[in-house]
Amino acid sequence: MTAVITPFPIARRRAFIQKQADHATCLRPDAAGRYLEYQLQVQRDAMRRRGVTEDLIARELKCMELAIRQELLRTSLSTGAT
């Protein structure tokens, strides 16, 4: 039996996700998109340095992106912004 250990499931790091979403909400939509891509690249590089496999990196980054976008949507709905 083998197990895959995720070194740090990004989507579960609530404070990190909140911080990224908070910063993105202060930016114009195009700048927020670039900011999100930059943050994903930073995390990609960090996981590669730690020897995480590419398929696991892709999965974790997708989870991170979805978590941040979900937080952005939740924030915009609660403030009434569009």
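Helix 1 and helix 3 are oblique to each other, because their axes meet at an angle of about 55°. This relation is one part of the arrangement described in this report, which concerns a predicted model. The axes of helix 1 and helix 3 lie 9 Å apart, and helix 1 passes helix 3 in a right-handed crossing. On the side of helix 1, the contact is formed by Arg14, Phe16, Ile17, Gln18, Gln20, Ala21, Ala24 and Thr25. Helix 3 contributes Met64, Ala67, Ile68, Glu71, Leu72, Arg74 and Thr75. Sorted by class, the residues of this contact are eight nonpolar, four polar and three charged.

**The chain as a whole**

The chain contains three helices and zero strands, so that its elements, read from the N terminus, follow the order α-α-α. Of its 82 residues, 34% are buried.

The table sets out the angle and the axis distance for each pair.

| Pair | Angle | Axis distance |
|---|---|---|
| Helix 1 and helix 2 | roughly 150° | within 9 Å |
| Helix 2 and helix 3 | about 150° | 10 Å |
| Helix 1 and helix 3 | about 55° | 9 Å |

How are helix 1 and helix 2 oriented to each other? Helix 1 comprises residues 14-25 and helix 2 comprises residues 29-49, and their axes cross at roughly 150°. An angle over 145 degrees counts as roughly antiparallel, and helix 1 and helix 2 are therefore roughly antiparallel to each other. The crossing of helix 1 past helix 2 is right-handed. Phe16, Gln20, His23 and Ala24 of helix 1 meet Ala32, Tyr35, Gln39 and Gln43 of helix 2 in this contact. The contact of helix 1 with helix 2 has four nonpolar and four polar residues, with no charged residues.

Helix 3 spans residues 54-79, and helix 2 packs with helix 3 at an angle of about 150°. That angle makes helix 2 roughly antiparallel to helix 3. Helix 2 likewise passes helix 3 in a right-handed crossing. From helix 2, the contact includes Leu36, Gln39, Leu40, Gln43, Arg44, Met47 and Arg48. From helix 3, it includes Glu54, Ile57, Glu60, Leu61, Met64, Glu65, Ile68 and Arg69. These residues divide into seven nonpolar, two polar and six charged.

Is Gln43 buried or exposed? Gln43, which lies in helix 2, has a relative accessibility of 9% and therefore counts as buried. Gln43 takes part in the contact of helix 1 with helix 2, and Gln43 also belongs to the contact of helix 2 with helix 3. The C-alpha atom of Gln43 is separated by 8.7 Å from that of Ile57, and the two residues are 14 positions apart along the chain.

**Cysteines**

A disulfide is a covalent bond between the sulfur atoms of two cysteines. How many disulfides does the structure hold? The number is zero. Two cysteines may be described by their accessibility. Cys26 is exposed, with a relative accessible area of 66%, whereas Cys63 counts as partly exposed at 32% relative accessibility.

Note on methods: Residues are numbered from 1 along each chain as its sequence is written. This is a predicted model: local features need pLDDT of at least 70, side-chain atom pairs count only at pLDDT 80 or more; totals for chains, interfaces and linings use all residues. Side-chain values use heavy atoms; hydrogens and water are left out. Axes are lines fitted to C-alpha atoms, for helices over the stretch in contact, and angles run from 0 to 180 degrees between N-to-C directions. Helices (H or I, at least four residues) and strands (E, at least two) are DSSP runs, numbered from the N terminus. Angles under 35 degrees count as roughly parallel, over 145 as roughly antiparallel, 65 to 115 as roughly perpendicular and the rest as oblique. A crossing is left-handed if the near helix is turned anticlockwise from the far one by less than a right angle, and right-handed if clockwise. Contact means heavy atoms within 4.5 Å. Ala, Val, Leu, Ile, Met, Phe, Trp, Tyr, Cys and Pro count as nonpolar, Asp, Glu, Lys and Arg as charged, and the others, Gly among them, as polar. A disulfide is a pair of cysteine sulfur atoms within 2.5 Å. Buried means under 20% relative accessible area, exposed over 50%, partly exposed in between (1.4 Å probe, protein chains only).
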